[in-house]
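Dear colleague,

Here is the model I promised to hand over, and below it I have set out what I found when going through it. Please read the notes with the structure open beside them.

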Number of protein chains: 4
Amino acid sequence: MIKFALLGAGRIGKMHANNIVLNSQSDLEVVYDVNNSAAREVSNMHNCKIAQSAEEAITNKNIDAIWIASSTPTHIQYILLAAKAGKAIFCEKPIDLDINKVDQCKKDLENFNVPIHIGFNRRFDLSHSSLKKAKDNGEIGNLEMIVISSRDPASPGIEYLREAGGFFRDTAVHDFDLTRFILGDDPIIEISAYANVLFSKAAKETNDLDTAMFILKSQSGVLCHINNSRRAVYGYDQRVEIFGSKGMIISDNQSPTSVKKFDKNITNSEDPIYYFFIERYDQAYKNQLNIFIDCIKNKKATLVNFEDGRNALIIANAAYESLKTKKSVKIKY
Amino acid sequence: MIKFALLGAGRIGKMHANNIVLNSQSDLEVVYDVNNSAAREVSNMHNCKIAQSAEEAITNKNIDAIWIASSTPTHIQYILLAAKAGKAIFCEKPIDLDINKVDQCKKDLENFNVPIHIGFNRRFDLSHSSLKKAKDNGEIGNLEMIVISSRDPASPGIEYLREAGGFFRDTAVHDFDLTRFILGDDPIIEISAYANVLFSKAAKETNDLDTAMFILKSQSGVLCHINNSRRAVYGYDQRVEIFGSKGMIISDNQSPTSVKKFDKNITNSEDPIYYFFIERYDQAYKNQLNIFIDCIKNKKATLVNFEDGRNALIIANAAYESLKTKKSVKIKY
Amino acid sequence: MIKFALLGAGRIGKMHANNIVLNSQSDLEVVYDVNNSAAREVSNMHNCKIAQSAEEAITNKNIDAIWIASSTPTHIQYILLAAKAGKAIFCEKPIDLDINKVDQCKKDLENFNVPIHIGFNRRFDLSHSSLKKAKDNGEIGNLEMIVISSRDPASPGIEYLREAGGFFRDTAVHDFDLTRFILGDDPIIEISAYANVLFSKAAKETNDLDTAMFILKSQSGVLCHINNSRRAVYGYDQRVEIFGSKGMIISDNQSPTSVKKFDKNITNSEDPIYYFFIERYDQAYKNQLNIFIDCIKNKKATLVNFEDGRNALIIANAAYESLKTKKSVKIKY
Amino acid sequence: MIKFALLGAGRIGKMHANNIVLNSQSDLEVVYDVNNSAAREVSNMHNCKIAQSAEEAITNKNIDAIWIASSTPTHIQYILLAAKAGKAIFCEKPIDLDINKVDQCKKDLENFNVPIHIGFNRRFDLSHSSLKKAKDNGEIGNLEMIVISSRDPASPGIEYLREAGGFFRDTAVHDFDLTRFILGDDPIIEISAYANVLFSKAAKETNDLDTAMFILKSQSGVLCHINNSRRAVYGYDQRVEIFGSKGMIISDNQSPTSVKKFDKNITNSEDPIYYFFIERYDQAYKNQLNIFIDCIKNKKATLVNFEDGRNALIIANAAYESLKTKKSVKIKY
């Protein structure tokens with residue numbers, strides 16, 4: 001039984017708490033949040049302790065692993081505290097928005113040997129991962145193109161956007177990681193970015209973006225396209241397509257039902273797709289937890305490591321540079 | 001070049017006229033209709049002669065084949081005239097509504113040796129026929145079930161219904177034939193019928209039906225289901241499913257476009273399916289013509305012969321008997 | 001917190017045990033099985049007590065409700081014991097295979113007033129139930145047809161078939177109930193059945209069936225078709241279609257992934273559908289539990305009651321009579 | 001009846017000849033090809049005259065319109081001859097591969113006033129054009145993204161590639177035009193291109209490309225992605241997606257049948273999509289002819305004019321510049 005301390009009891013922290021409790025191999029021992037009432041909510045629901053500080057939670061001798069779901073600026077501090085305490089670490093993406101801090105953290109971590117998993121949940125979705133597996137099994141022959149459409153249902157509010165680090169670092173970063181996941185050991189070497197503010201006032205006021213397109217190129221020559229929007233009225237659009245010498249595989253959207261309607265105006269009409277990540281990636285979050293537990297128990301390497309978190313940020317930064325310079329930018333890892 | 005005389009210049013006659021003219025191997029030489037203005041319309045459009053009587057058209061020495069698309073009561077008379085004249089015969093279904101007349105016609109035809117093709121057009125649809133071919137190739141292993149959903153877009157008017165011979169002989173008969181087509185040399189031996197008037201005033205006033213379900217059993221034990229309605233607001237519903245030891249094949253509905261729409265309420269929504277038989281089976285009618293021409297030119301046996309027309313009527317009659325007696329009725333051919 | 005005693009720790013009992021434990025409003029207090037090692041397995045996994053007899057489990061003062069998942073012949077006995085003990089009752093279908101015993105049980109239960117829920121799980125599937133809801137909301141106008149295709153992935157072994165009560169009472173009974181569920185207060189009044197042994201040796205040796213088709217008619221004239229097979233190589237085929245004056249709704253099959261493959265031979269090819277009921281109706285079983293708990297806590301009427309269990313059996317018996325007499329059989333409730 | 005002279009009797013010329021003859025409002029009067037035997041084939045099949053030179057065909061007094069389907073280097077010469085002769089002109093894309101020649105031709109045409117239609121056939125596909133119509137009707141609200149996947153089934157041979165003008169001018173040019181068609185009066189102002197030779201030896205030997213991705217930006221800020229491949233083993237992949245404030249519309253691939261297969265390994269598997277443009281855009285070519293005839297008869301402006309042909313070439317040239325400079329290139333019309 002792996003005992004967790006949860007740092008951060010917001011929307012996503014609560015979801016992780018629930019998964020930890022449901023999992024027969026893990027338990028939630030203690031929770032901490034700067035907002036005491038959020039911590040109390042989790043504590044009441046799952047009957048776990050409340051820590052008065054992150055440090056108290058992290059150094060608690062009963063716990064095996066730290067689950068970091070707090071605000072981004074706290075991540076590195078908590079990672080290092082946990083590393084010093086010799087605990088296994090799960091950290092929500094991004095590690096940090098500043099590549100220099102991430103690089104310093106990387107150096108600091110060299111002194112410790114603890115498993116660390118960065119929360120790129122999409123890799124653990126059954127459909128996306130079976131697409132990856134099929135590619136690795138050679139089902140599409142040589143990979144030549146990746147096309148990802150990834151659109152959120154609705155733009156977040158201005159408070160969120162002020163802290164989020166920008167469209168590329170906050171949102172597109174998931175798709176950069178997914179592209180890296182599919183490519184495997186064929187690194188992304190170049191990127192071009194186009195982006196706009198087409199509809200979101202909040203994005204406009206925070207100098208952020210709401211619509212973007214990228215082309216990425218891998219070392220072996222695979223061409224990859226990503227398109228992102230902060231708003232899709234039909235739900236959380238999450239499609240991945242890979243194309244190669246022997247065929248194509250699409251990981252398509254999903255709906256909660258298999259109902260199809262036919263009337264005077266429409267045929268084969270399906271219910272709206274899942275609204276957002278909590279619904280769409282429910283199974284992925286649970287799988288990710290299982291795999292992280294397996295890594296801890298069986299001393300395996302984590303499947304998404306610190307370097308993965310760092311590399312996705314480097315690509316996002318290169319995307320911003322391309323947007324600014326209107327050039328194709330080489331990625332330097 | 002096969003030269004045709006067309007008898008009957010109504011909606012379906014006009015469609016056949018058009019196909020005959022478009023086909024590079026056939027020509028329309030003469031047309032006849034009791035309604036002179038209908039004949040004139042076809043004549044004007046396709047630059048063919050008008051006969052003053054069916055007999056004149058049939059005995060015209062320039063023509064090779066008679067295309068009978070006139071009203072049902074005239075079919076047998078025209079078939080026999082054409083047989084006597086030694087012409088190849090295409091006859092729209094049904095041969096006649098009265099099995100005794102059909103039996104007499106069968107006897108009368110024994111004296112002649114002319115190709116005769118009964119117009120069960122659905123056999124020539126690319127999707128239905130490729131389903132049949134896949135079954136014959138063993139793709140689903142042993143055939144165990146057939147399920148046919150076949151629904152017209154809108155109930156015909158009272159005049160049509162008065163002449164049409166009843167829902168089973170007019171409409172379901174197509175599906176009885178399609179079932180026979182799929183079964184091949186495994187004859188249907190038994191049928192149960194349920195039917196109702198649920199919505200059509202015209203059907204009610206003519207003592208006809210608008211909603212029906214059948215189960216048929218073949219000699220080898222295959223179970224077959226057919227459901228029919230005289231009205232489907234989403235278009236002409238034409239689905240065929242076969243099921244067996246190695247799998248299932250469905251010949252699904254078709255839409256004129258491959259457009260899919262996504263908005264707040266619907267996803268993957270397609271355009272309405274084809275409205276009715278002229279649109280849905282356009283290609284099937286053209287294929288049927290090609291095959292009939294091939295039979296004539298190369299002295300091959302026709303693919304839907306007089307016996308096929310007769311057998312479908314016998315099944316329809318047995319269905320009426322089942323409806324009346326509330327029993328499973330054995331088919332006697 | 002509703003505390004359950006589980007009777008029967010076989011495959012389906014284990015699944016229910018798991019759901020009871022996962023549910024935040026229920027707990028598994030005690031388990032009983034004639035096979036002690038099966039009971040011990042559940043006890044070990046979920047940390048609950050083992051009763052030495054069904055009676056001991058049922059009369060345990062800590063428990064609120066009895067979950068009957070034991071073999072069919074024990075159902076009535078356990079139901080009556082539980083009723084006497086004043087416990088809420090969940091009973092897997094069927095109540096019993098003998099309508100006389102069911103009728104006697106019905107009388108015996110008149111003396112008690114305990115909630116009883118019969119386990120027709122399919123009613124609680126999100127897709128089937130949203131189809132039902134759409135029908136109740138008038139989305140397809142007047143209901144005119146129901147078409148159900150329901151096929152198991154693989155025929156059970158001879159031991160199971162010996163006890164199961166026959167294809168119609170064991171398997172088709174689910175579809176009879178689903179038809180009743182959709183029809184609501186419009187009772188089924190008539191049925192015709194066709195069936196065969198086409199492939200299963202075990203079915204042949206036990207005088208059972210493996211392939212069946214039914215037509216049912218409701219009082220208002222709705223026509224319903226059901227087809228069943230004991231083997232579908234592509235998985236657990238579970239499709240429901242309703243058709244009416246304003247359109248059609250289909251509750252289609254489901255696959256664990258949304259992956260589509262394209263190669264030289266196939267396009268849009270999806271992964272196999274769910275293999276069997278445990279996977280396909282996972283969510284339905286959980287919903288059913290939630291609703292049963294809600295009935296207990298809030299003293300609501302159960303959504304599938306004793307009469308529903310009895311009526312489905314009556315229809316199955318009428319189906320057997322139709323098969324034997326080759327007649328349409330009126331249903332007498 | 002519009003009478004055509006056909007210049008060029010290769011594969012696509014033959015297809016056009018066939019359509020012209022099938023159309024009830026047009027006739028093929030004369031054909032010319034440098035390869036006399038190709039001209040004779042068309043003449044024999046459709047019973048039309050053979051001209052001894054393009055000039056003879058063009059100046060034939062019986063003809064109303066010139067259909068240019070000859071090799072690209074002859075286009076401008078024939079266009080100008082036809083303009084001088086006062087004939088309506090249909091010209092297959094591209095006008096020419098050299099923008100300077102196109103510009104000169106544009107000037108030369110200023111002296112004449114003849115209708116000229118450039119053969120961007122995809123605009124006339126029923127699915128693509130109904131997507132465009134839905135966008136114009138506001139069905140997706142404000143347009144924000146266009147995503148086009150366009151892949152040929154198999155790479156052409158080295159002879160074809162030597163003449164074709166390069167992947168962007170020969171193939172992607174269709175997608176540049178389709179993007180312009182959807183955008184309507186919102187011009188494309190910027191483009192970035194990535195491309196590779198990943199598999200085609202013929203492309204390698206001719207310094208051509210076989211895999212490409214583009215991002216284009218419109219004046220109003222719409223972001224557009226196009227991906228192209230010279231080989232897709234599952235057929236001619238032709239998908240168009242538009243996304244906006246109210247939803248998304250996809251014009252998906254099409255298959256000749258509506259058959260779906262289910263076995264142990266696959267479900268819902270469809271037949272391969274149409275193999276190439278002749279099959280996929282059959283209806284589009286016929287619609288294009290109808291519309292061109294309508295323009296001639298009713299003195300309407302053509303729907304794809306000289307400027308459209310010129311602009312698509314300008315975008316293709318900018319794409320090459322972007323590929324070379326690794327910069328986003330502004331389009332100068």
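To begin inside one chain, the C-alpha centres of domain 1 of chain A and domain 2 of chain A lie 27 Å apart. Chain A is divided into these two parts at residues 2-92 for domain 1 and 122-330 for domain 2, the bounds coming from an automatic or database domain assignment. This is a predicted model, in which local features need pLDDT of at least 70 and side-chain atom pairs count only at pLDDT 80 or more, while totals for chains, interfaces and linings use all residues. Residues are numbered from 1 along each chain as its sequence is written, and chains are lettered from A and ligands numbered from 1 in the order in which they are written.

Between the two domains, 13 residues of domain 1 of chain A are in contact with eleven residues of domain 2 of chain A, where contact means that the C-beta atoms of two residues, placed from the backbone, lie within 7 Å. On the domain 1 side of chain A, the elements that give two or more residues to this contact with domain 2 are α1 (11-22) and β5 (88-91) of chain A, and α1(A) gives the most, with three residues. Helices here are DSSP runs of H or I with at least four residues and strands are runs of E with at least two, numbered from the N terminus. By class, that side of domain 1 of chain A has six nonpolar, six polar and one charged residues; Ala, Val, Leu, Ile, Met, Phe, Trp, Tyr, Cys and Pro count as nonpolar, Asp, Glu, Lys and Arg as charged, and the others, Gly among them, as polar.

Turning to chains B and D, the contact takes 22 residues from each of chain B and chain D. On the side of chain B that touches chain D, the elements giving two or more residues are α6 (126-136), β12 (247-251) and β13 (259-262) of chain B, with β12(B) giving the most, at five residues. By class, this side of chain B has nine nonpolar, eight polar and five charged residues.

β13(B) and β12 (residues 247-251) of chain D pair in the antiparallel sense over four bridges, where strands count as paired if DSSP finds at least two bridges between them, and the bridge partner of B:Phe262 in β12(D) is D:Met248. Nine strands form an open sheet of mixed pairing, in the order β14(B)-β13(B)-β12(D)-β11(D)-β7(D)-β10(D)-β9(D)-β8(D)-β15(D). Its edge strands, each pairing on one side only, are β14 (269-270) of chain B and β15 (329-330) of chain D. Within this sheet, seven bridges join β7 (residues 143-151) and β10 (residues 223-229) of chain D, which run parallel, and D:Ile148 has D:Ile226 as its bridge partner in β10(D).

The contact between chains D and A takes in 28 residues of chain D and 28 residues of chain A. β7, β8, β9, β10 and β12 of chain D each supply at least two residues of the side of chain D that touches chain A, and by class that side has twelve nonpolar, eleven polar and five charged residues.

One residue to look at is D:Met145, which lies in strand β7 of chain D. D:Met145 is buried, with 24 other C-beta atoms within 10 Å; a residue is called buried if 20 or more other C-beta atoms lie within 10 Å of its own, exposed if 12 or fewer, and partly exposed in between, with C-beta atoms placed from the backbone. Leaving aside neighbours within four places in sequence, D:Met145 is in contact with A:Thr211, A:Asn227, A:Ser229, D:Val222, D:Leu223 and D:Phe243.

With best wishes
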